Amino acid sequence: MRLLFPLVALTLALAGCPRGGARQDGPPDVRYGVDPCDRCQMIVSEERFAAAYLTPSGAARRFDDLGCLTAHPQERAELVAEVWVHDHETRAWLRGRDAWLVRAPDLITPMGTGLVAVSDEARARALVARAGGELLTFEAFMALGPRAWPARGEAP
Amino acid sequence: MRPRDALLLLALLAPAARAGDTWTVGPGDDLARALEAAEDGDTVVVDGGVHAPVVVTRRLALEGRGWPVIDGGGRGTVVKLAAAGASLRGFVVRGSGSSLDDENSGITVAAPDVRVEGNRVEEALFGVSLAHARGSVVADNVITGKALDVARRGDAIRVWYSDDVRLERNVVTRGRDVVLWYSAHLTVADNEVTDGRYGLHFMYTDDADIQRNRLVGNSVGVYLMYSRRLRMSHNAVVGNRGPSGFGLGLKDMDECDVTDNVFADNRVGAYVDNSPREAQSFLIFRRNLFAGNDTGVALLPSVRKNTYSENAFVDNGEHVGVLGGGTLGANAWSDGGRGNFWSDYAGYDRDGDGVGDVPYRSERLFEHLAQRHPELKLFVYTPAANAVELAARAVPLVRPQPKLLDDAPLVAPVVPAGVPRGAATAGAPLVLSSAGLVALAALVIFGVSHRGPPACSGGTPAGPGAILRRRGRTAGTPVAVSSDVVNLEAVTKRFGQALALDGLTLTVRQGEALAFWGANGAGKTTALRCLLGVIPFQGRVTLAGHDVRRAGKAARRLVGFVPQELTFHDDLTVRESLAFYARLKRVPAGDDALLARLGLAEHAHKAVRELSGGLKQRLAVALALLGDPPLLVLDEPTANLDAPARASLVALLAELKAAGKTLVFTSHRLEEVLALADRVVLLEGGRLAADVPPRDLGERLRAHATLHLLLPPLAVERAEAVLVDAGLLPTRTGAGLSVEVDPAEKGRPIALLVNAGVPLADFEVARTGAAAGRS
């Protein structure tokens, strides 16, 4: 029992540490090729599709695809404080609310949702003109949830 | 029309070319122009040369002879097959661009019923990419990606909106993923995928068959998502150790059958998330081998309706993990009275039906803590983890609720059959490892898969003092110098109410050979299992100072074990078997000297199935000697051999002993005990009855009488069971059974049979003398 106590104490101490190096004032660090997506457990490899959100307590959730980002809080009933996405073309981080979100089924994204983001309306509309699909408001994007994917058995 | 030079035809405007013609393109000819000239149904034969990228817009068969090259020069896509029914065969396709955005590919297929067969795709960002290509076939290609960081690579094969596609016998390396999305009725068989991110990634791919593939050394072996009715069988999924490191991942899958696969040396053998997804659905894992994974199977706590039966869980860091903690009560761990084999199962099989008589319970406290707090996995295999388990045993209050309960655990593993050995095109270590892992049981059941090389290996037999040179539980941690290699202190083991070992205390000195002798149930094998530290017991066992429970890894590193029942992969050769186990143990592979020493040199290239029983036993000894362990533990090493093979093996073991090995073995044969042992420990009812020189064993045995029991034929089996249950050792004769008994207890077997209602026709005491012994 004497040996057990320090380990249990260490357990409790570790459990109290926040994960992932989240920063309250910016996007979290993502180790590309290392970090798994918090929803699908696929490895987050492509910066242009990677996304993240912070919970009100500052915990970071990382995703390989915008579809996973919108699905995860609904599936886990988790509150979202801030969403971060990448500009699909420049790779720059964008706040979700500042991004122009495009859903273009012909774009091949890591989880096949065709969801990408860009930083300005002109490029977003050009992308839709080029690849098809539609523009989404941030609210409509976050409301997609698991519907970011087609119903099973249907082509997107 | 005869084959003709394409340019000549072009010059003549080929007015007579008709469908079904054959066009020939030489090394200096313009392939693109030939393709323009050809018509649907034509064949274009390309004889060598290096050609520029092409787009095929007609139903043509492109046939390469002498490996003609189509070179993209590092720009764009190299070959595009855009006509239904086109085919490409026998080409080297190389040098695509490097744009992920534009999906630069070696070969793209954009039409149905296309065949891409027998090509080499090299230095391509995406290898073969299919979209809207229903009914196409991609077979027998060798696809090698660009030497880029994995995140910058494209997919080696991509199947997109293409039903009824077949991927067969492709060899893929250094790609990102093999992606199969939004496509139904796929067949993925006999492929080999190495050094990628996702060996196979299925999404929205109902009704797929995944068979006999080898997924080796990727970040993740196979990931199945959002699909139903997938059948995965006879695949080798080995060494996938990326950040998540799943051998197989399942997310939102329904009605899947995962059968006869090998999942070995992955971080997680199989990861299950929300599968099955639907209430009336199911997920079946049957006859798979989970060996040497950090976690055999990891399930999210919400997982329900999984059925696991006849799988073998062997030497995983933890066999089953619940991510986030919890229990797995809503899943079935047996089916039809058959559970799974668990290498740490500590029960027994009294009636010999192959199913343990006490349930298997997974309830390790440290695992429980580590699942709740993954950071603690840093402490796996450390004294801290052992301390937790010790505390859990000492203080039952802190024992966690069992994660799972298998009420019909198997006492021997079911080995998956038909798992691919691997192609000659892959690196030898990988080839050997995946298939060889199938040959799990004999070596790893008792936990002798070494996690690291010996501190001081060397290629020569361990001579006197070797045991002391090989020590080192951790760097800089001295171990008490002692000539006692084995030390058992008051070792007691109970199986339920049965006392299998009762306070056994003994030591074995370096270079000594000790034999355990006793009847069935006397405790011989239990003593060996305690010595190996693979079952819980009371008391203490150390091997050269390493406590087998507190420092089990270090202790077992010193042991080579030869089990009584051998299980090999029959398709492997002797040399391949050695190489595989060497990789599993992470020790140098045995060299020719080892083979020669074991009398196996001339059989090195034979498949194990071709070996005699004696040679198989020698192979088992060779495997035990990998890494040159100083201590050999053998359980009835000659039990299944004929007389010449027995003599040969005993001579071999004598040589090993003379070379300095310490031997601990069980036996029922007096002659081999006399030939090998320095001491004999007689066990009776789990207690040490005597510790004597071998010559004294004969004297003790001579005090026995042989009782012949004459039985009706139909009663023999029942009588045998009754006597064995009573701890006696009957042997069958033509007329019934004979049994060795103490002269003062000649009536005991008769009373046992009468009380059990077994008809006894007659009996006689034939002689007194040396006991035959059998155990």
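Author: We start with chain B, then turn to a sheet in chain A.

Author: This is a predicted model, where local features need pLDDT of at least 70, side-chain atom pairs count only at pLDDT 80 or more, and totals for chains, interfaces and linings use all residues. Residues are numbered from 1 along each chain as its sequence is written, chains are lettered from A and ligands numbered from 1 in the order in which they are written, and side-chain values use heavy atoms, with hydrogens and water left out.

Reader: How many helices and strands does chain B have?

Author: Chain B has 17 helices and 55 strands. Helices (H or I, at least four residues) and strands (E, at least two) are DSSP runs, numbered from the N terminus.

Reader: And what percentage of chain B is buried?

Author: Of its 775 residues, 57% are buried. Buried means under 20% relative accessible area, exposed over 50%, and partly exposed in between (1.4 Å probe, protein chains only).

Reader: Now helix 12 of chain B. How many of its residues are buried?

Author: 11 of the 13, so helix 12 of chain B is mostly covered. Among them are B:G614, B:L615 and B:Q617.

Reader: What span should helix 12 have, and what does the model give?

Author: At 1.5 Å a residue, residues 613-625 should span 18 Å. The end C-alpha atoms are 18 Å apart, which agrees. The expected span is 1.5 Å times one less than the number of residues.

Reader: What follows that helix?

Author: B:G627, with a positive phi near 80°.

Reader: Switching topic. Where is B:R679, and is it buried or exposed?

Author: B:R679 is in strand 50 (residues 679-684) of chain B. B:R679 is buried, at a relative accessible area of 15%.

Reader: Which side chains does the side chain of B:R679 make polar contacts with?

Author: Those of B:E512, at 3.1 Å, and B:D691, at 2.7 Å. A polar contact is a pair of N or O atoms within 3.5 Å; within protein, one must be able to donate a hydrogen and the other to accept it, and residues adjacent in sequence count only if both atoms are side-chain atoms.

Reader: Last one: what order do the strands take in the chain A sheet?

Author: The order is 2-1-3-4, in an open sheet of 4 strands with antiparallel pairing. Two strands pair if DSSP finds at least two bridges between them. The edge strands are strand 2 (60-63) and strand 4 (93-95) of chain A.

Reader: How many bridges join strand 1 to strand 2 there?

Author: 4 bridges, and the two strands run antiparallel. One bridge partner is A:R62, for A:A52.
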